[in-house]
Amino acid sequence: MTAAPNAISNRPFGIEFAIGALASVGAGFFTNPIDVIKVRLQLQGELEARNTYKKIYKNTLHTGYLIAKHEGILALQAGIVPALYFQVVLNGIRLGIYNIAKKYKLITNDKGDTDILKTVIVTGTAGCTGAVLGSPFYMIKTQLQAQSAQNIAVGCQHNHSSSWSAFKSLWKEGGIAALYRGWYANVPRIFVGSATQLTTFGLAADWLRSLELFPDQPILLTFVASAIGGSCVALTMQPFDVLATRLYNQQTDVGGKGSLYNGLLDASIKILRTEGLTGLYKGIFPTWMRIAPHTVLCLVFYDKLDELYNKLRN
């Protein structure tokens with residue numbers, strides 16, 4: 001986000017939304033395969049104690065290999081359509097609000113540097129808004145990514161034939177209520193993730209500017225700062241990421257009640273009791289492999305799109 005203040009000053013939220021959405025779609029396309037791998041690892045051994053179940057997936061690379069071998073290489077892009085729709089909603093809102101807040105100095109101090117508390121509140125709340133609105137896309141994305149060949153299946157298999165059939169099935173089942181089932185599952189994940197990502201990005205960018213390491217290379221500054229932000233978010237978000245995957249993918253009864261978990265607290269307690277603390281950190285390496293590059297690509301794409309928009313406007 002390196003556009004000059006006067007370049008942003010007269011720009012409506014709709015433009016900020018569009019730039020953020022396009023940037024995140026570009027990033028999401030490249031990082032979706034590792035997201036599929038992450039979901040499989042997070043579902044493996046669900047509510048089973050360590051060393052009591054057969055590990056189908058040994059590690060990140062092995063998971064990718066098995067998926068490609070048994071389901072085809074295109075299976076690594078499972079759920080790509082709802083995943084990108086979710087990115088549009090989430091990051092269009094989140095990045096749009098973040099840049100508007102920077103424009104009006106709502107999240108900076110008197111020196112123009114990142115105010116930690118204000119940035120956490122604004123970016124976390126903006127992220128939650130996008131997460132709730134985009135919840136149906138995230139749920140279907142997760143369920144499609146979990147679907148697999150029978151011999152390497154983990155977690156509940158919903159057997160959707162496509163994204164569209166999943167939407168139609170849920171609508172027929174219970175309308176809006178069914179589409180927004182478990183909407184709360186992603187709230188802590190996105191609040192923590194968004195607040196960590198954009199706050200650490202802002203702090204890292206401020207620090208790099210103070211060192212004058214990249215005075216005439218704004219894209220490189222964004223690259224380094226976003227890499228720092230993306231790495232930090234993997235650690236803080238991981239337990240909530242596992243909870244979201246489990247809650248969205250679980251089987252439900254005719255009334256829409258989950259067969260395994262009754263909510264975030266219930267899921268947390270059951271996972272800790274059966275799988276231990278490590279259960280909440282399953283798939284942390286692919287989480288980092290996904291979110292760090294996604295953060296870098298998203299914010300660098302944003303800067304390039306922002307630069308292109310300003311050139312076309314002028």
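In which helix does L211 lie? L211 lies in helix α8, residues 187–211; helices here are DSSP runs of H or I of at least four residues, numbered from the N terminus. Before I continue, a note on the model: it is predicted, local features need pLDDT of at least 70, side-chain atom pairs count only at pLDDT 80 or more, and totals for chains, interfaces and linings use all residues. Residues are numbered from 1 along each chain as its sequence is written, and side-chain values use heavy atoms, with hydrogens and water left out.

Let me turn to salt bridges. A salt bridge is a side-chain nitrogen of Lys or Arg within 4 Å of a carboxyl oxygen of Asp or Glu. The whole structure contains 13 salt bridges. One of them joins K141 and D35, at 3.0 Å from N to O. K141 belongs to helix α6 (residues 135–146) and D35 to helix α2 (residues 13–43), so this pair ties together parts that are 106 residues apart in sequence. Both K141 and D35 are buried, where buried means under 20% relative accessible area, exposed over 50%, and partly exposed in between, with a 1.4 Å probe and protein chains only. K141 also lies over the face of Y138, 4.5 Å from the ring centre; the rule asks for NZ of Lys or CZ of Arg within 6 Å of the ring centre and within 35 degrees of the ring normal.

R209 is partly exposed at 41% relative accessible area, whereas D206 is buried at 13%.

A further salt bridge links E307 and K311, at 3.8 Å from N to O. The two are four residues apart in helix α11 (residues 284–313), and are therefore separated by about one helical turn. E307 is partly exposed at 32%, and K311 is exposed at 58%. Elsewhere, salt bridges that share partners join D35, K38, K141, R189, D241 and R290 into one network.

Finally, the cysteines. How many disulfides does the rule give? The count is zero, a disulfide being a pair of cysteine sulfur atoms within 2.5 Å. For C232, the closest cysteine sulfur is that of C298, 17 Å away, which is too far for a bond. C232 is partly exposed at 30% relative accessible area, while C298 is buried at 3%.
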